Amino acid sequence: MKDESFLRENNARQLWHPMGAPGDMQANAPKVITRAEGVRITDLDGHSTVDAVGGLWCVNLGYSNDVVKEAIAKQLYELPYYSAFAGTSNPPAIEAAHAVQELFAEDGMERVFFTSGGSDSVETALRLARQYHRLRGEPTRTKYISLKKGYHGTHFGGASVNGNNRFRVNYEPLLPGCFHLPSPYSYRNPFHETDPVQLAQNIAAAFEDEIEFQGAGTIAAFIMEPIQGAGGVIVPDASFMGLMRDICDRHGILMISDEVITGFGRSGDWSGARHWGVKPDMMTTAKGITSGYFPVGALMVNDKIAEVFEKDNSGEAGIFHGYTYSAHPVGAAAVVATLAETRRLDLKSNAAARGTQLFDGVQKLAEKYDIIGDVRGGHGLMTGIEIVSDKAAKTPMDMPTMKRIHENAYKAGTMVRLGAHNVLMSPPLTITEAEVDVILASLDAGFAAA
Ligand SMILES: Cc1ncc(COP(=O)(O)O)c(C=O)c1O
């Protein structure tokens with residue numbers, strides 16, 4: 001590797017970063033993370049912090065899982081790559097599909113299609129939803145409904161169903177036929193409804209209304225995150241996903257549960273849909289599927305969809321979609337090892353316990369700091385803190401203050417993530433009680449410096 005002075009000098013010169021303005025990155029050079037161990041990361045200055053971001057909602061096993069690292073290394077020597085396009089397969093891919101399906105069998109998931117990440121999984125789901133309806137003889141079902149504040153990645157399909165304008169405006173026009181319902185965000189919503197139960201019912205009514213307006217026979221699928229992650233950790237009422245499921249069923253609309261963050265234990269259950277007692281038609285996953293050690297995603301479908309594709313007589317069931325790295329043998333080996341470790345360590349239970357500790361701790365901080373407008377979480381290791389400059393008016397905090405909070409929390413020992421005026425946290429699911437206490441103490445220091 002090049003020496004430190006090269007890294008400092010060239011940081012952000014040639015490399016354009018996702019989700020940042022190139023000029024801004026040059027003016028404020030990104031932190032260079034050089035090492036990681038357990039749940040801690042270390043930067044180029046040697047400063048070590050607890051990683052409350054979990055890489056990017058993905059390093060569920062922490063950074064030191066040798067089982068996964070060794071599985072990846074071993075597979076690189078056996079078979080570093082071979083295509084899985086129709087006609088060829090590889091042993092780890094067969095094993096990985098079996099392991100993924102087994103983990104989500106309780107959710108009704110029967111088949112697995114591997115991708116290279118979350119956006120790919122969402123794109124695959126949206127495309128296969130249309131093909132499913134065509135195969136069933138309803139080719140007019142092409143539209144998608146989703147939730148505002150939702151995040152479904154950055155491909156054109158995913159961006160079109162995304163519910164945050166930051167990811168949309170510069171890239172328009174997006175896919176036609178995508179419509180959005182209000183988010184189950186009780187702190188701010190167009191109904192001015194603070195009761196989450198009533199809000200869930202209002203959104204369900206809006207869904208019914210939209211279906212009537214569009215015509216059920218034109219809608220292919222409804223996509224939602226069980227807990228909206230990047231949009232600010234927005235936790236709906238426990239009734240919400242079930243209400244949406246019933247409406248989808250009554251109108252022949254497929255339900256896609258986007259589990260890219262919530263899958264593999266983060267919500268306190270193996271899937272977010274299971275957390276709410278719902279069985280979707282499709283699940284999109286990535287992140288925790290390899291704990292971030294290798295880029296892999298997966299779409300899963302239930303038997304209803306599998307049957308339509310597998311029993312087709314029209315000759316149109318060919319999936320002319322997929323990626324060079326779909327079912328990549330090294331990625332698949334990472335999946336097999338990650339899932340074995342995820343189950344062995346029962347990550348979902350630690351996520352539930354430590355998630356409650358983090359949520360309770362932040363709620364205590366909210367009593368101390370008026371700038372904390374809303375605290376969201378309490379369902380696994382996903383916590384969002386909405387920061388405001390005026391609590392009564394709910395005025396979003398300005399960016400310089402947000403950056404000050406971020407920097408001071410970092411100095412005090414924790415890396416957090418900012419999503420506009422929200423502090424977002426999704427630490428590794430292996431985190432200990434003492435490490436959650438470090439996060440809380442760092443946040444305290446960050447807010448004190450606001
Ligand atoms: C719910 C959800 N869907 C899709 C994606 C996109 O995944 P990726 O960044 O791997 O393409 C993300 C990423 O954070 C996500 O949170």
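Colleague: Which residues of α4 are called buried, and what makes a residue buried?

Modeller: Val-68, Ala-71 and Gln-75 are the buried ones in α4. A residue counts as buried when 20 or more other C-beta atoms, placed from the backbone, lie within 10 Å of its own; 12 or fewer makes it exposed, and anything in between partly exposed. Bear in mind that this is a predicted model: local features need pLDDT of at least 70, side-chain atom pairs count only at pLDDT 80 or more, and totals for chains, interfaces and linings use all residues. Numbering starts from 1 along each chain as its sequence is written.

Colleague: How do you know on which side of α4 the buried residues sit?

Modeller: Val-68, Ala-71 and Gln-75 are buried, and they cover an arc of only 60° around the axis (taken from the directions from the helix axis to the C-beta atoms), so they lie on the same side of α4. The face turned away from that buried side carries the exposed Asp-66, Glu-70, Ala-73 and Tyr-77.

Colleague: Why does the span of α4 agree with that of a helix?

Modeller: Helices are DSSP runs of H or I, at least four residues, and strands are E runs of at least two, numbered from the N terminus. The expected span is 1.5 Å times one less than the number of residues. For the 13 residues of α4 (66-78) that gives 18 Å, and the end C-alpha atoms are 18 Å apart, so the two agree.

Colleague: How many helices and strands are there in the chain, and what share of its residues is buried?

Modeller: The chain has 15 helices and 16 strands, and 49% of its 450 residues count as buried.
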